There are 2 protein chains.
Amino acid sequence: MQNFIFYNPVKIYFGKGQIAALAGVLPKNSRILLTYGYGSIKKNGVYDQVMQALAGYDVSEFGGIEPNPSYETLMQAVGIVRDKKIDFILAIGGGSVIDGTKFISAAAHFKGEPWDILTKQAEFNEVVPFGCVLTLPAAGSEMNCGAVISRKSSRDKLVFGSPKIFPRFAILDPAVTFSLSPRQTANGIVDAFVHVLEQYLTYPVNAPLQDRFAEGILLTLIEEAPKVWRKGDDLDARANIMWCATMALNDLIGMGVPQDWTTHRLGHEVTACFGLDHGQSLAVLLPNVLQVRRVQKHEKLLQYAERIFGIKQGDEDVRIDAAITKTREFFASLDMKLHLRDYAIDETAIPVLLEQLQRHSLTGLGERGDIDLNESEKIYRASL
Amino acid sequence: MQNFIFYNPVKIYFGKGQIAALAGVLPKNSRILLTYGYGSIKKNGVYDQVMQALAGYDVSEFGGIEPNPSYETLMQAVGIVRDKKIDFILAIGGGSVIDGTKFISAAAHFKGEPWDILTKQAEFNEVVPFGCVLTLPAAGSEMNCGAVISRKSSRDKLVFGSPKIFPRFAILDPAVTFSLSPRQTANGIVDAFVHVLEQYLTYPVNAPLQDRFAEGILLTLIEEAPKVWRKGDDLDARANIMWCATMALNDLIGMGVPQDWTTHRLGHEVTACFGLDHGQSLAVLLPNVLQVRRVQKHEKLLQYAERIFGIKQGDEDVRIDAAITKTREFFASLDMKLHLRDYAIDETAIPVLLEQLQRHSLTGLGERGDIDLNESEKIYRASL
C-alpha cells in the first residue's frame, strides 16, 4: 500500500436517544447558533429534542440552508455569528447543513474575502467550533473535514477542507431518519455507495484490508437498502445504513490507496448547471465512469464483480459488464434514474458541462490524473 | 446494534521512512525521554533513525522495559521523568513498551500511590504527553488508550485505561519489522487475531458492518501471515499485518457489539504465573474458550466457519468443530503450541490460576458476564 497519514478526532455518539447527550458535551455558557435546513427538524421532533437538551443555553437559530449549500445563504449566517459573537455552532441536518456549517465556521473570523477559501484555498486560522446532529446519512460530512459549497450567481460548486473544520462531535441517532422520504433515503445510499467505489475501484496496490473494509460497506448497503427504502422504522437497518455512510467517507477506507473522484467532480457540474440532486447525478454518472474507464480499472472491476455480486463465470469482459449492470440495477431498485435524458438533459448540455470543468481546472481527474476533457466528454455522452 | 460512543484522536504516520516525520511532530524545546525494551532497536537501525530525526532535541533514555512491563521497572522511569522534568515521552517498541509508557505517563504526576491506578482505577489528571514508534505489530496499543501492567512481586497483571493516555501520534513503519523473529511475528499475529475474535465471536446484534470489518481483518491476517512468518522483507505483507493489528484493537470493530475478553483475562494469569509469552497463552486458550462456549456463541461460530474458512457443509455442530480445528491449524502453522502441557504445565496449575482469577475478581467474564470460576476451570482443563 502507499504511505499515508490518518487523523480523525471526531467523537461519535451513536444510537437512539443520543441527542440527550448534547447537554453534557456543549461548552457551558456558550452562545450557540443552531444551523439547519428548511425546517423538517421542526416537524419530526429533532428540534424539540435538541432544544430540550439545550435548556439553559443561549441559543440563536439560522434556518434555510439549502441542498448544495450556497455561499450567498451561508454568508448571512456568517453575519449572525459575527454580530451575536457566537462561540459554538450546532449543525442539525445532513451533508448540506454540515458542509455549510463548516464554511460558516471557517469564514466567520476570516480576514479577507471568504470566497477565496473556496477558489484560492486561502488559509484560515481561527474557526468557530461546531458539532452536529446528523439527520440524513449520505455525505459523511459528520466525520470528516471537507465540504462542498456552491455559488448560485456563478454556478460554482467547489470543495474545501482542513483539519480545523472537523466537527467536535457528531450525534448519530438512526431513529431521526425514520421520517426521510424514499428519495432522500435513496440519494443517501447512492452517495455513500459511490464514495466507497471512488476509493476502491482504481488499481490494486496490495492493500487487502482497505479492500475488505470497502467491500464490507458495499455489501452492507446492498443488504440493508431494501429494509429502509419506502419503509420508515426498522431501527437496526437505519442504524446500519447510517454507520455505513459515516464510514464511507471518514478517510479510513481511503488510506494508502489510490482514489478517483471523477464521478463526484463531474456530478457537481451537473448539479450546479441543471439542479439534479447530488445523489441523482452520481447514479447517472458512476456506471458510465466505470464503463469508459474499464481498461484502467480492469483488475479492481473483476474483484468488485466477484466479491460484491458473486460474478465468477464468463470471460473477463463479460464479468465486468455484468458488474456494471448489477450496479445500475442496484440504483434502479431505489428508483434512481440512470440517464441524463430522464431529467430532460440532452447533448446540448455537453459543451456547457465541459466549459464548467475547464473553468474549475478539472482537467486531470482520475486515479492517475489522466482524465482530460476528452475523456470527461465520453463519460457525459455515455450518460445521456 | 447497541448504542456506542467512539473517539480516537491518534494521528497515524504509516509507511516506510515515516520515522523521519518525528522531526516535525515533536514539540520544540521538549525534554524528551525515549523508552524502549532490551535494546533491539540499537541493532536494527530504528534507534539511529529516531536519533537522527531528534537532532537538536534534549533527549534522555530509559531502556529495559520488559515483555509484560512491570510496575517495578516502570516506577524507575517515573523517577526519571520527575527528576529530569521530562515533558514528552517517545515510546519505541511494541505493546509492552507502549503500555508501559502509558503507565509512566499517568503515574508521573499522580498524587498518591500509582499502584492504585491499576488496582483501584484511581483517577489521574495531569499526564505526560507521549507518542510512539511501533516496532512489533500485535497489541494495538499504538492506537488505543488502554494498557496492561504486571507486578512481579505479587504476580498481578492488570488493565487500566483512559482517554488521557491516547498516544499523541503513532509512527508505523513496516520496514522496521523486518528484523522480528518468527516467534515475535507469530505472537503478534495471534494477538491481533484473538483481539478480533473477542469482539466478533459473541452473539449477533444485527451489526453487519462491524462483522464485515472484523472478518476483513481475520481474512487478511490469514492470507498475509505465511508471507511474513520466517521471511523478513516482504514490505507489503508486513504493512498489511501491521495495519491489521492496529485496526484490530483501536475500538472501531468493537463499537456497538458485545465483547468477550475471556481469552485475554485467562491468558494474563497464565503469563503472570508461568511466564508464557502473551501470544502463546492466547493460542492455547482461545480454541478452548470457543469449545467450552460453543452453545452461547453458536450463531456467530457458524458465521465464522462460513465466512472465514468457507465451511458450509455438514450439520451445525460439525461446522463449528471444523471452524475450531481450522483456528488451531492456523495457530499451529505459525509454530504456536496448542496445549499447556507443551509448556510443562499440568493440572496442578489449575487451582493456582483459579485463585488468581478470584483474587482479581475475574468471576463474571464473557459477553453475558456468566463465565464464573467453574466455567473458567473448564476452559483451563480443556487447555491442559
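This is a predicted model: local features need pLDDT of at least 70, side-chain atom pairs count only at pLDDT 80 or more; totals for chains, interfaces and linings use all residues.
We start inside chain A and then turn to where chain B touches chain A.

**Inside chain A**

- Where the two domains meet, 20 residues of domain 1 of chain A are in contact with 27 residues of domain 2 of chain A.
- On the domain 1 side, strand E7 (146-151) and strand E8 (156-161) of chain A are the elements that each give two or more residues.
- That side of domain 1 of chain A is made up of 11 nonpolar, four polar and five charged residues.

**Where chain B touches chain A**

- Here 31 residues of chain B are in contact with 31 residues of chain A.
- Four elements of chain B give two or more residues to its side: strand E1 (4-6), strand E2 (11-14), helix H7 (208-228) and helix H8 (235-248).
- Which element of chain B gives the largest share? H7(B) does, with nine residues.
- By residue type, the chain B side divides into 18 nonpolar, eight polar and five charged.

- Strand E2 (residues 11-14) of chain A pairs with E1(B) in the antiparallel sense, over three bridges.
- To find this pairing in the structure, look for Phe14(A), whose bridge partner in E1(B) is Phe4(B).

How values were computed. Residues are numbered from 1 along each chain as its sequence is written. Chains are lettered from A and ligands numbered from 1 in the order in which they are written. Two residues are in contact if their C-beta atoms, placed from the backbone, lie within 7 Å. Ala, Val, Leu, Ile, Met, Phe, Trp, Tyr, Cys and Pro count as nonpolar, Asp, Glu, Lys and Arg as charged, and the others, Gly among them, as polar. Two strands pair if DSSP finds at least two bridges between them.
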